[in-house]
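Please examine the sequence and the structure shown here before reading on. The briefing that follows is grouped by topic.

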Amino acid sequence: MDWFMSPADELLSKYLGLSINVWLTLVFGFLIVPAVLGVSFGIHKYYMRTLLCIFEWATLQMKLKAKEKNHQLYRHYTSGIVSKMPDSTLRQEIQDLRRTADCLSLEPRFDLADVFFFCRKGLESILDDDVTKCFSAQELESWNLLTRSNLNFRYTSLKLLALWVLGVVIRYCVLLPFRVTVAVTGIFLFIVLSTVVGFLPSTKLRRYLSDTVHLMGYRLCVRSLSGVITYHNRENKPKNDGICVANHTTPIDGIILANDRCYSLVGQLHGGLLGMIQRAMVKSSPHIWFERAEVKDRHLVAKRLRDHVADENKHPVLIFPEGTCVNNTSVMMFKKGSFEIGCTIYPAAIKYDSRFGDAFWNSSQSGLVGYLLRLMSSWAIVCSVWYLPPMNRKGCRTETIQSERRF
């Protein structure tokens with residue numbers, strides 16, 4: 001076969017093989033092997049500092065551009081659902097409505113056009129309430145060179161355009177392939193190793209190997225997102241005698257918390273790749289998966305949770321009592337089902353830094369695959385986790401009162 005290869009083909013195959021070797025060396029040497037061993041080279045710190053310097057420089061350039069045109073770069077009163085004009089009084093807005101309606105008289109009297117002012121204000125209050133804002137993406141005060149950003153960041157220049165194009169090339173041609181490779185490798189290793197560990201007898205060795213495999217899988221998933229996580233107050237880390245509750249922003253919240261210790265997850269059993277992962281997980285570790293018909297049976301769910309918590313050899317249960325993803329600017333009311341068990345509650349708070357990438361998942365606007373693609377093509381997922389002191393329900397408190405407490 002070598003006789004039929006031209007010098008150009010030989011050169012191409014040589015460079016292609018060299019590129020594959022370099023690619024695999026970088027992926028396994030700097031991402032997969034350190035994640036498996038739980039070590040870090042500290043490169044992410046310099047990476048974050050460099051990004052912050054670039055973001056500050058880009059924002060400064062836009063501020064100078066906006067100052068030349070005597071405009072504001074960021075208008076805080078447009079951060080809601082409805083755009084609002086600042087410093088407008090009731091009298092001024094009614095006068096504007098009368099002018100629009102060709103009412104020449106501006107005397108203090110009632111006109112039919114005045115009704116539209118109060119109707120508009122009422123609709124704005126309904127649409128732009130505090131709860132609705134929790135389900136829209138958080139606006140930024142500095143441009144992070146990503147497509148999703150504040151609409152007021154329009155004072156760009158040729159330098160900023162070139163910098164944005166360079167960022168697109170780096171994120172989609174360098175970072176995204178690396179992250180996809182790590183994610184695929186991590187999922188494959190996790191499914192295979194969890195299945196193998198599941199065949200071992202139930203001993204301390206099996207529990208140790210199961211915890212090691214789960215931590216390895218979670219760390220690889222975090223590395224596939226360039227995740228940088230800081231844990232605070234680890235002395236309050238959940239123990240095996242209770243339930244860990246946390247705020248919910250994204251489907252990867254469980255991975256963020258499980259990167260520090262193993263948990264028993266609770267959820268509905270799915271099909272496809274996600275179902276395959278769930279079945280591999282439950283073979284080696286006692287997770288709690290329900291069929292679609294069982295989820296609606298509250299008594300069955302409570303019984304399985306109570307039986308799980310009573311076993312000290314099992315990991316703490318991880319639950320997100322909000323029941324939906326919120327944009328990480330506030331916390332919705334917790335549902336009381338998590339507090340009906342009567343065990344120790346270990347609260348945890350997760351705060352994401354949206355300057356490097358928006359972790360909020362709006363399921364009504366994008367599917368899970370598109371959301372994961374957006375995460376993997378962002379700069380990084382940076383967050384902090386605070387472990388709060390454990391709490392126990394007093395005898396006079398009902399589960400409803402306990403769920404309304406602010407941690």
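**Briefing on the predicted model**

N233 sits in the loop that runs between β1 and β2 (242-246). The structure is a predicted model, with a mean pLDDT of 77 for the protein.

**Residues with positive phi**

- Most residues other than glycine have a negative phi.
- N233 has a positive phi, near 55 degrees, although N233 is not a glycine.
- The relative accessibility of N233 is 35%, so this residue counts as partly exposed.
- S226 is likewise a residue other than glycine with a positive phi, near 55 degrees.
- S226 belongs to the loop between α7 and β1 (227-232).
- With a relative accessibility of 22%, S226 counts as partly exposed.

**A buried loop residue**

- The loop between β5 (317-319) and β6 (344-353) contains N327.
- N327 has a relative accessible area of 4% and is therefore buried, the cut-off for buried being under 20%.
- Through its side chain, N327 makes a polar contact with the side chain of T329, at 2.6 Å.

**Helix α12**

- Helix α12 spans residues 368-376, and its buried residues are Y371, L375 and M376.
- These residues lie on the same side of α12, because they cover an arc of only 135 degrees around the axis.
- In general, an α-helix has 3.6 residues a turn, so residues three or four places apart point the same way.
- The packing partners of the buried residues of α12 are α6 (158-198), α7 (204-224) and β7 (381-387).

**Annotated transmembrane regions**

- According to an unreviewed UniProt entry, the annotation "transmembrane region" covers residues 20-43, 158-177 and 183-200.
- In the model, residues 158-177 are 100% helix and 0% strand, and the end C-alpha atoms of this span are 28 Å apart.
- Residues 183-200 are 89% helix and 0% strand, with end C-alpha atoms that lie 26 Å apart.

**Confidence of the prediction**

- A pLDDT of 70 or more is reached by 75% of the residues of the protein.
- Among the elements of the protein, β7 has the highest mean pLDDT, at 93.
- The lowest mean pLDDT among the elements, 51, is that of helix α13 (residues 399-404).

Technical notes:
Residues numbered from 1 in each chain as written. Predicted model: local features only at pLDDT ≥ 70, side-chain atom pairs only at ≥ 80, totals over all residues. Heavy atoms only, no water. Buried < 20%, exposed > 50% of the residue type's maximum accessible area, 1.4 Å probe, protein only. Helix = DSSP H or I, 4+ residues; strand = E, 2+ residues; numbered from the N terminus. Arc of directions from axis to C-beta. Contact = heavy atoms within 4.5 Å. Polar contact = N/O pair within 3.5 Å; in protein donor to acceptor, adjacent residues only side chain to side chain. UniProt positions renumbered as here; feature names shortened; annotations may be inferred. pLDDT = per-residue confidence, 0-100.
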